[in-house]
Amino acid sequence: MNPLPLAERRLKPSPFLPDLAEIIRKDRLTATETLYRLRLADGSELGHTPGQFLEVSVLGIGEAPFSISSSPTRGEAFELCIRRVGDVTKALERLELGSMVGVRGPLGRGFPLSTMRKQNVLVIAGGLGIVPLRSLITNLIDERDDFDDVTILYGCKNPGEMLFKDEIAQWVTRDDVDFRVTTDIADPGWKGNVGPVTTLFRRLEVHPARTVPVMVGPPVMFKHVVKQVLACGVPEDRIVLSLERRMKCGIGECGHCQINGVYVCQDGPVFTYAELKRLEEAML
Amino acid sequence: MRFLAQDQLEAFLGHLAGQGRVVAPVKGADGVVLFRPWEPGMAVELDVLLAKQAPKDYVFRQSETYLRFGYQMEGVAAAGAEVTAATDRAHAVLKVEPQNDAPAQVIFGLRPCDARGFVQMDNVFGGYGGFYFDPYYNAKREATTLVAVTCRDPRSTCFCTAVGGNPAGTEGADVLMTQVEGGLTAEAFTEKGEELLAFVGFSEAGQAQTLYAETVKEQAVARVDVPFEIEGVRENLRANIEDPGWHDLCMRCISCGTCTYVCPNCYCFNITDEIVEGKGERMRTWDNCFNPLYTLETSGHNPREQKSNRFRNRFSHKFWYYPEKYDSLLCSGCGRCITHCPTRIDIREVLRFMGSPRSAAAPAGEEA
């Protein structure tokens, strides 16, 4: 749990002072999710790692944490996939192209890409967990030769909630990516697997010593999927999870995301299961 | 050791007020003693041991605007039309201006526990965990000189010595003054403190005054209760984390957060925006970890939904999590949380009970 040295972070005169970013594209993905494409107003690159997040503000409404959904391999603009649910997200949705929002970050510790190189990567996404994982998946695909087998398991509540359908269509056609999807509830057009994401493990071979499982999803998913990968023999310190918490300041002060002595916003949001196992309340 | 005659106190404060703001405990018309900006003519209240609130607010503001911003209102129909800035069409941000107001100030008459409270809080805002240096807290902290006054007459709720403090403690204090016959003795521990004692009203303390002050200090230490043994508290809190005793202890807590607001070193805060007619500000405001909304995420997930978990968090944070991260307790033993809790929850009772091996402790209901 070593936070990055100060110099490696984008330390502003005030870490509370947002940079401005322009909304350059908006794509409605589902009834409630929109994909925003943004660019920093000063033209600089965000410089993030998959798994990191931003504090995004609609100035006057508020600020909230969102994981970055695009890969750093894809140039200077970046993407956020946001569900319309609270004040900030509702205000965001009403902003037009060209509007400016405030962003602070990238914040926190992202996915351990160096641990994954030359290893099999098993990505497990539940619901909105696909949002930060899309950043990782895109990065894996763009640097495909650096990784061994790439397997993606994606579970959603119903087919209508599935995100990034166009990209998924591309992942499915690739020979070098094993993509499997399941839904809790099928609709009449659904021909795929039905059941929780753990049911996708049935026909899956996991090499415990060579696989890094990376999972993002609701707490209940963690509980079952961790059990599943442990049963496959994957060591605890190779199981990677990203936690959701109410990260308000994002810089390890305000206390909202704190679990015991750990600040999810800075020590995480990405942790290994070995780190979380000893933290009471982490998996609640 | 220096000496200031009682009749020189007003002149001393006046001298300090000529150089910056002076904050001191003053009794209001309602009888409540609070740290207030001092002006000539105001009586400083040193006989009431503790101001109702710690002077935390003067360094870590209860509510602090740290950003002002303005929207250009292009596209909005008419002046005076209802504007909800960010949600209106065709706006553009004009500018975002950081705010950081840190006047030079002397906090006079705080107690050693209050001064130590700042030192304990410094860890988190100073970025000692490897995180960020907080520009707002630190600007005010650096512009502040702390003149502590020895607790001649500790209260029954004081427990500073149990947590490593002292009623004549000097940790964090630039100057420590002690009330003696006819005035106050004064000792400086920092350069800032030395500068203050250069005031002409000070004289060298006589042998009798020095002896008196030392006696006052010694007697004060002896009068502070040691209600629990700090040794082993961290380990026992860890061992007792799942103990059902937490449920019993938290039963009467109404999650009001008074304990966190009167505390000299509770530092949690929230961030909110306000906007009126296109001019807005972003502020941070003290928060309260007992509030069920404190950890509630937009998704509806709440990792500390249970009151007992929130209750446990505050005590564990002060005596286990924070010490583990920063090698410092987050409690200086002032006892304000005990005197101000509307349901008489007593941190000493909680620590005696949950900070000991559970088999050896009495049931919660039989304590206090």
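Mentor: As a starting definition, two strands count as paired if DSSP finds at least two bridges between them. Helices (H or I, at least four residues) and strands (E, at least two) are DSSP runs, numbered from the N terminus.

Trainee: How are residues, chains and values treated in this model?

Mentor: Residues are numbered from 1 along each chain as its sequence is written, while chains are lettered from A and ligands numbered from 1 in the order in which they are written. This is a predicted model, in which local features need pLDDT of at least 70, side-chain atom pairs count only at pLDDT 80 or more, and totals for chains, interfaces and linings use all residues; side-chain values use heavy atoms, with hydrogens and water left out.

Trainee: In what order do the seven strands of the open sheet in chain A stand?

Mentor: The order is S10-S9-S8-S7-S11-S12-S15, with mixed pairing. Strand S10 (193-194) and strand S15 (270-272) of chain A each have a single partner strand and stand at the edges, so one side of each has no neighbour in the sheet.

Trainee: How many bridges join S8 and S9 of chain A?

Mentor: Seven bridges join strand S8 (residues 150-156) to S9(A), and the two run parallel. A:Leu153 has A:Arg180 in S9(A) as its bridge partner, and A:Val150 stands opposite A:Val177.

Trainee: Is S9(A) mostly covered or mostly uncovered?

Mentor: Strand S9 (residues 177-183) of chain A is mostly covered, with five of its seven residues buried. Buried means under 20% relative accessible area, exposed over 50%, and partly exposed in between (1.4 Å probe, protein chains only).

Trainee: Moving to chain B, which residues of H11(B) are buried?

Mentor: Seven of the eight residues of helix H11 (residues 347-354) of chain B are buried: B:Ile347, B:Arg348, B:Glu349, B:Val350, B:Leu351, B:Phe353 and B:Met354. These buried residues pack against helix H6 (233-239), helix H7 (245-250), H9 and helix H10 (336-340) of chain B.

Trainee: And where is B:Arg344 found?

Mentor: B:Arg344 is in the loop between H10 and H11 of chain B. Its phi is near 60°, a positive value in a residue other than glycine, and B:Arg344 counts as exposed at 69% relative accessibility. B:Ser255 also has a positive phi, near 55°, but B:Ser255 is buried, with a relative accessible area of 17%.

Trainee: How many residues does each chain give to the contact?

Mentor: Chain B gives 51 residues and chain A gives 50 residues, where contact means heavy atoms within 4.5 Å. The area buried between the chains is about 4400 Å², and carbon and sulfur atoms give 56% of that area. Buried area is the accessible area (1.4 Å probe) that two parts lose on being put together, summed over both.

Trainee: How many salt bridges are there between chain B and chain A?

Mentor: There are five salt bridges between chain B and chain A, each being a side-chain nitrogen of Lys or Arg within 4 Å of a carboxyl oxygen of Asp or Glu. One of them joins B:Arg284 and A:Glu253, whose closest N and O atoms are 3.6 Å apart.
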